[in-house]
Amino acid sequence: MQDQQAELQWRDGQVPVSTRFDDPYFSLENGLAETRHVFLDGNDLPGRFRDGFHIAELGFGTGLNMLTAWAAWEQAGHQSALHFTSFEAFPMVPVDMAKALAAFPSLSSWRDRFLEVWTGEGTCDLDTMRLTVIKGDARQTLPAWAGRADAWFLDGFSPAKNPELWGESLLSEVACHTAPGGTVATYTAAGFVRRGLMNAGFEVSRVPGYGRKRHMVRGFLA
């Protein structure tokens, strides 16, 4: 795969939109509230947090989901490291991440600590956060990953515009890299995504989505 970065436009000066996929990186209504509803509540977090907890994600984007999880981890009183692994084909350069994340001042403490050391990919040890961003097409990089996550954030661009990140074979790999009792959550309720997760072995439920999205999906792996 060629070395590629995110290609952006900016809506209202602060919401990044992928020109490659014609899709915003987070909700135009309230990206932080959406992340909390979909990915934290959708995975029963922070209630399930424990030492050694591991979150994995498809689509790192601005880093908003990671920062939101990290903030929840510290606010819950955990002093050990939360493990977070994200798979990203088109990483955003740090200066663009800083511009996008400026929209969320309540995360400024975690944002500033992160951006102070982040180079754009690879690993990052932030004391209470152990971050790894694996660059490349997840259809190749996820099968090669040795880890297993307790919770998955499926946050690729819209399935209609980025179907490669929602295919049944990739969702099967998500299941293979999920610990027993692990969960998955995503903002989309597209039928083929639900079926792909069910065929991969998840018990899937459709629940109320955030904002204008009537439904989202969450799943449990016994």
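## Close-up views of a predicted model

View 1. The peptide bond that joins Leu45 and Pro46 is cis, with an omega of about 10 degrees. Asp44 is likewise placed in the loop between α1 and β4, and the phi of Asp44 is near 55 degrees, a positive value in a residue other than glycine. Is Asp44 buried, partly exposed or exposed? Asp44 has a relative accessibility of 38% and therefore counts as partly exposed, since that class lies between the limits of under 20% for buried and over 50% for exposed.

**View 2. Strand β2 and its pairing with β1.** Strand β2 covers residues 15-18, where Val15 and Val17 point one way while Pro16 and Ser18 point the other way, and all of them are buried. In a regular strand the side chains alternate between the two faces of the sheet. Strand β1 (residues 8-11) runs antiparallel to β2 and is joined to it by four bridges, and within this pair Gln9 stands opposite Val17 in β2. The two strands β1 and β2 form a hairpin with three residues between them, and in the turn Asp12 has a positive phi of about 55 degrees.

**View 3. The pairing of β2 with β3.** Strand β2 is also joined to strand β3 (residues 23-24), by two bridges, and these two strands run antiparallel. Ser18, one of the buried residues of β2, stands opposite Asp23 in β3. Here too the strands form a hairpin, with four residues between β2 and β3, and Asp22 in the turn has a positive phi of about 50 degrees.

**View 4. Asp127 between β6 and β7.** The loop between β6 (122-125) and β7 (129-135) is the place of Asp127. The phi of Asp127 is near 70 degrees, which is a positive value in a residue other than glycine. How does Asp127 count by its relative accessible area, as buried or exposed? With a relative accessible area of 58%, Asp127 is exposed, because the limit for that class is over 50%.

**View 5. The packing of helices α6 and α7.** Two packed helices are described by the angle between their axes and the distance between the axes. Helix α6 (residues 168-176) and helix α7 (residues 191-200) pack at an angle of about 45 degrees, and their axes are 8 Å apart. The two helices α6 and α7 are therefore oblique to each other, and their crossing is right-handed. On the side of α6 the contact involves Glu168, Leu171, Ser172 and Ala175, which meet Val193, Gly196, Leu197, Asn199 and Ala200 in α7. By class, the residues of this contact of α6 with α7 divide into five nonpolar, three polar and one charged.

**View 6. The packing of helices α2 and α4.** Helix α2 (residues 64-75) packs with helix α4 (residues 108-117) at an angle of about 120 degrees, and the axes of these helices are 9 Å apart. The crossing of α2 and α4 is right-handed. Which residues of the two helices meet? Met66, Leu67, Trp70, Ala71, Glu74 and Gln75 in α2 meet Trp110, Arg111, Arg113 and Phe114 in α4. The contact of α2 with α4 has six nonpolar, one polar and three charged residues.

How values were computed
Residues are numbered from 1 along each chain as its sequence is written. This is a predicted model: local features need pLDDT of at least 70, side-chain atom pairs count only at pLDDT 80 or more; totals for chains, interfaces and linings use all residues. Side-chain values use heavy atoms; hydrogens and water are left out. Buried means under 20% relative accessible area, exposed over 50%, partly exposed in between (1.4 Å probe, protein chains only). Two strands pair if DSSP finds at least two bridges between them. Axes are lines fitted to C-alpha atoms, for helices over the stretch in contact, and angles run from 0 to 180 degrees between N-to-C directions. Angles under 35 degrees count as roughly parallel, over 145 as roughly antiparallel, 65 to 115 as roughly perpendicular and the rest as oblique. A crossing is left-handed if the near helix is turned anticlockwise from the far one by less than a right angle, and right-handed if clockwise. Contact means heavy atoms within 4.5 Å. Ala, Val, Leu, Ile, Met, Phe, Trp, Tyr, Cys and Pro count as nonpolar, Asp, Glu, Lys and Arg as charged, and the others, Gly among them, as polar.
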